[in-house]
Amino acid sequence: MPVVTVYYDRMFSMLKGKISKEQLIEKIPYLGLDIEEENEEYIKIEYNPNRPDYSTDYGIARSLNSFLDFETEYSKYDIHESEFVVNVDKSTEQVRQYIVAAVVKDIKLDDETIRQIITMQEDLHNGIGRRRKKVAIGIHNLDVIKSPLEYTTVDESFSFIPLNKDSEMNVKEILNSEIGNQYANILSGHDRYPIIKDGNNQVLSFPPIINGDLTRLDAKTTNLFIDVTGTDLDAVSNALSVLFTTLNDAGGKVHSVKINFDNLKIKTPEIKDDTIEVETEYAKSLLGLELSEKEIVEYLRRCRISGKILGNKIVIKTEPFRFDLIHPVDVIEEIGLGYGIHNLKPTLPGSDMTGGFDEKQRFLDKARDVLTGLGLIEIMTIGLISEEMLEKSEMSTKELLKVVDTKSIEHEVLKNSNIPAILKTFSKNIHKKYPQRIFEISKVFGKKNNEIYENYQLTVGLAHATVNFTEASSYLNAFGKQLFNVDLSTKASENELFVKGRVAEIIDEKGIKIGLIGEIKPQVLENFALRTPISLFDIDLDQLMKSSRNE
Amino acid sequence: MVRLADMNTNNLHLLERKLLQVMSNKNEAELEDLVYESGLTVDQIRRSVEWLKEKNLIEVKMTEIKLISLGKEGENTKLNGIPEKRLVNNLKVGEEVELAELPKKVDLNQDELSAALGYARAEKWITILKKDNKVIVKREDKEAKSKIEDLLNKISGQVELSKFSAQEQEILRSLVKRPEYISYEIVKKARIKITKNGLDISKNIKDDNYIDALTPKMLESGEWRNASLRPLNVESPAPTIYSGKKHPVRIFIDEVREIFVSLGFQEVEGSIVQSSFWNFDALFTPQDHPAREIQDTFYIENEKASLDVDEQILKNVESVHKDGANTGSKGWRYHWDIEQARRMVMRTHTTCVSVRNLADNKPDEARVFSVGRVFRNEKVTFKNLVEFHQIEGIVVGKDVTLRDLMGLLTKFYKKLGFEKIKFWPSFFPYTEPSLQSMVYHEGLGRWIELGGMGIFRPEVTRPLGVKNPVLAWGSGLERLVMLRYGIDDVRKLYENDLDWLRGIPLCP
């Protein structure tokens with residue numbers, strides 16, 4: 001989850017009332033924020049990705065001011081007109097359709113403010129921007145730009161000086177450079193690339209890759225031009241809302257920009273007059289609180305939401321960055337927050353119900369009872385294994401279910417048998433006291449008739465100097481008898497894993513094959529560096545259960 | 001210390017008695033030497049020696065023994081002869097060879113040759129002289145006989161140094177100068193000596209008519225009437241045996257299941273491999289949500305679900321993503337793609353099991369729980385596994401509230417031994433309002449974060465045909481197991497170290 005660094009001195013200067021460090025740390029979690037780290041100078045706060053307005057200290061101060069009743073009236077966001085225009089070429093529709101923009105004037109950019117803005121930009125890129133795929137943001141020095149701007153496309157030979165470089169590079173070179181490489185996949189498959197140019201034909205940005213060097217910000221910059229490009233009009237508008245409101249709170253004066261699409265002319269940023277209606281009964285019943293309409297309006301106000309009572313409903317209006325509110329339940333949570341989650345007293349539901357165990361799990365419980373009663377120790381292993389484990393066990397690697405792009409080579413396929421894990425467990429315990437008798441009950445996976453199946457499999461492993469087929473067979477008989485009073489029989493068979501002539505299929509009373517039993521062949525023991533003989537058997541418990549139920 | 005006056009041979013363990021009897025004939029012996037005569041194992045002898053020493057019936061003297069064996073060069077010499085002899089055997093008496101020519105004449109490497117020259121000269125088998133600025137080696141007329149060779153031939157395996165004569169020991173000492181000829185090892189050996197008390201007592205041993213063990217034969221024949229069973233040392237430790245046992249994680253899972261059932265919850269289980277539809281889409285997780293990326297989620301290669309789902313539910317989920325349908329929501333406003341919903345995943349939470357249960361039963365009232373494995377595509381570290389267990393409970397009811405959820409959770413954690421619990425707001429894509437819980441751990445003396453919870457969004461429940469609110473909570477399980485057993489590396493839980501598994505008590 002994203003993290004924002006908040007310096008106490010800046011925070012206290014933004015808050016409109018007095019509060020101690022300790023109180024600050026106590027109150028912050030009530031807003032749904034987590035304190036990650038705290039020290040003398042600053043705290044690091046983790047916020048949830050649905051609230052990108054918390055990506056700077058301005059956003060957190062804004063919420064605290066109202067939550068702590070330091071501020072009860074909220075000023076509206078004023079948007080002034082500017083002469084700036086962006087003309088959008090139709091060719092952008094093929095690659096990166098949408099652009100919105102804003103101008104922010106008279107802002108003071110000290111180092112910390114610049115740092116906060118950059119973090120906000122990054123968090124927006126990674127969050128609603130989906131790593132710049134959906135949204136990319138450029139922030140430019142307005143004073144070097146001439147209107148009208150053009151959002152258009154170019155081919156790969158087009159060149160300009162990218163940010164922090166001293167000479168021109170063409171689009172192809174940029175995409176192959178270190179920075180370009182990170183985001184080149186977003187544009188792959190296209191032969192036209194988006195470019196923002198100004199009235200003097202100078203390049204502001206090559207979204208979503210990099211800005212031009214021309215419009216670079218420094219500590220002297222006071223006027224900003226902001227572009228937000230992307231593939232979704234809602235997403236780019238939302239990102240712009242977070243940006244302009246934050247820069248407004250940082251002291252800037254926000255101005256609008258005219259965007260001329262091929263068949264649509266808009267002015268951004270835009271403050272929408274969206275409302276949400278919440279039935280008061282619904283709010284009260286979900287929270288389990290008896291609240292008057294007036295109280296509800298008051299709790300919403302603490303969360304900077306203005307509510308009007310309309311019969312048995314509350315009609316709410318929010319600030320532009322609250323695009324996380326998409327349903328009345330989102331508003332109801334805000335009522336809860338305003339009330340204070342810590343003030344909610346736990347209750348218990350009125351009705352009583354009778355609980356119970358799942359039938360299959362109950363059966364597995366009993367199987368475990370029998371096995372532990374026979375003196376076996378249960379092991380539990382991870383269900384994703386490596387193909388190498390199966391190869392070492394000389395087991396089939398065909399028809400395996402594989403996961404895509406695993407981060408750990410040890411976990412690449414879904415196990416089709418517990419046996420490799422049993423052998424590995426013995427292998428890890430060669431210095432532990434013998435005899436070792438263990439079992440695992442776990443799901444195994446595979447494909448049958450093109451359908452994925454997952455069955456519970458029992459595998460019993462026996463290891464000591466004199467273990468043999470007969471001992472395994474005794475345990476097998478005991479298992480069948482004690483669990484279901486069934487006779488599990490064995491029928492001579494062949495299998496790569498076992499010693500020839502010492503392996504059999506396990507057959508249930510209906511004549512269905514439900515597993516294998518045998519002595520592990522020496523080559524496999526050697527593959528696992530084992531120096532003790534091993535006998536084992538496995539059983540498809542789902543099949544055994546079916547047979548026992550006469551299915 | 002036990003006084004002799006109190007000492008009765010009947011108080012001696014069977015093993016002690018055997019050992020004392022053997023010692024009474026030997027006076028002094030080494031531990032290993034007693035194996036044959038006593039018929040006991042080395043372990044048994046050691047144990048009884050400890051006990052007898054305690055009773056002052058024997059003494060144990062530790063002595064150091066020097067053992068020697070041949071090193072790599074020693075073995076080589078034993079096989080091929082000592083280098084200085086190999087050198088002169090290639091030269092006739094009186095023969096003179098230029099030093100530079102020697103390597104061609106003898107089969108020795110440069111190191112062996114220069115050492116051999118030195119030793120041969122010291123034995124006066126050769127002389128080295130200078131002629132016309134050339135260095136010449138001359139074979140003198142003296143028979144080359146090596147005592148070292150003779151000695152080396154006597155050594156095989158480890159031999160005690162004291163077994164050699166004084167002269168031989170002198171030669172062995174001189175071999176220190178030759179690297180890797182002889183290696184030494186010092187071992188400590190226990191010499192056991194019977195004390196006077198021991199000797200006195202041992203005399204009584206033979207005379208008693210105790211029997212050591214009752215046999216079926218004695219019972220049949222009635223022979224037992226004429227014998228008494230010898231008292232044993234009932235205070236001595238016995239060999240270890242182990243019970244069969246469930247895995248500690250399983251034991252904990254069972255405990256959690258029992259708590260759920262006692263709170264009126266019905267257990268359900270579901271597939272581990274799920275379609276993205278149930279794992280994500282049905283939970284109102286937009287198709288471009290980061291949680292759905294392959295960096296975080298295990299997708300199954302080349303597998304697509306047939307999505308054998310109620311047609312109406314499919315339609316409802318599609319439209320709730322698009323525009324909120326009739327749920328009162330704005331929806332996510334994008335093009336929902338059924339192909340994305342078909343991708344098969346290793347479930348990332350058990351919430352998909354709960355949701356499928358809701359879709360199948362559309363209950364007006366229910367309490368359902370599951371404990372099951374979930375998967376995340378992560379690097380394995382002491383904190384993270386690719387696979388772990390999730391606890392999940394849901395409550396459906398006409399009048400259930402957020403406060404009820406807090407109450408149930410308080411009860412749940414109390415039953416797990418956590419008395420203090422607190423809540424604060426949080427965010428999950430499929431619940432609203434959402435909360436996070438923390439419990440106070442007495443042992444650690446601090447608050448720890450446990451599970452998330454909330455009320456399922458109407459965008460989740462309405463498309464499935466569920467009208468009443470659904471409370472839900474979920475928590476990882478391994479964290480709790482680690483706290484229970486005092487483990488700080490989660491990997492240990494699934495390493496299956498048999499010592500650990502055997503050693504864990506059922507009531508820690």
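Biologist: What is the count of salt bridges between chain A and chain B?

Modeller: The count between chain A and chain B is 13 salt bridges. A salt bridge here is a side-chain nitrogen of Lys or Arg within 4 Å of a carboxyl oxygen of Asp or Glu. This is a predicted model, where local features need pLDDT of at least 70, side-chain atom pairs count only at pLDDT 80 or more, and totals for chains, interfaces and linings use all residues. Residues are numbered from 1 along each chain as its sequence is written, chains are lettered from A and ligands numbered from 1 in the order in which they are written, and side-chain values use heavy atoms, with hydrogens and water left out.

Biologist: What makes Glu293(B) and Arg131(A) a salt bridge?

Modeller: Their closest N and O atoms are 2.5 Å apart. The limit is 4 Å, so the pair counts.

Biologist: Why is Glu334(A) called buried?

Modeller: Buried means under 20% relative accessible area, exposed over 50%, partly exposed in between (1.4 Å probe, protein chains only). Glu334(A) has 4%, so it is buried. Its place is in helix α10 of chain A; helices (H or I, at least four residues) and strands (E, at least two) are DSSP runs, numbered from the N terminus.

Biologist: And why is Gly356(A) called buried?

Modeller: Its relative accessible area is 13%, so Gly356(A) falls under the cut-off. Gly356(A) sits in the loop between α10 and α11 of chain A. Leaving aside neighbours within four places in sequence, its contacts (heavy atoms within 4.5 Å) include Val261(B) and Phe369(B).

Biologist: What makes Glu96(B) and Lys131(B) a link between parts of chain B?

Modeller: Glu96(B) lies in strand β3 (residues 96–98) and Lys131(B) in strand β4 (residues 126–131), so the pair ties together parts 35 residues apart in sequence. Their closest N and O atoms are 2.8 Å apart. Glu96(B) is partly exposed at 37%, and Lys131(B) is partly exposed at 39%.

Biologist: How many residues of chain A are in contact with chain B, and what area is buried?

Modeller: 82 residues of chain A are in contact with 92 residues of chain B. The buried area is about 7800 Å², meaning the accessible area (1.4 Å probe) that two parts lose on being put together, summed over both.
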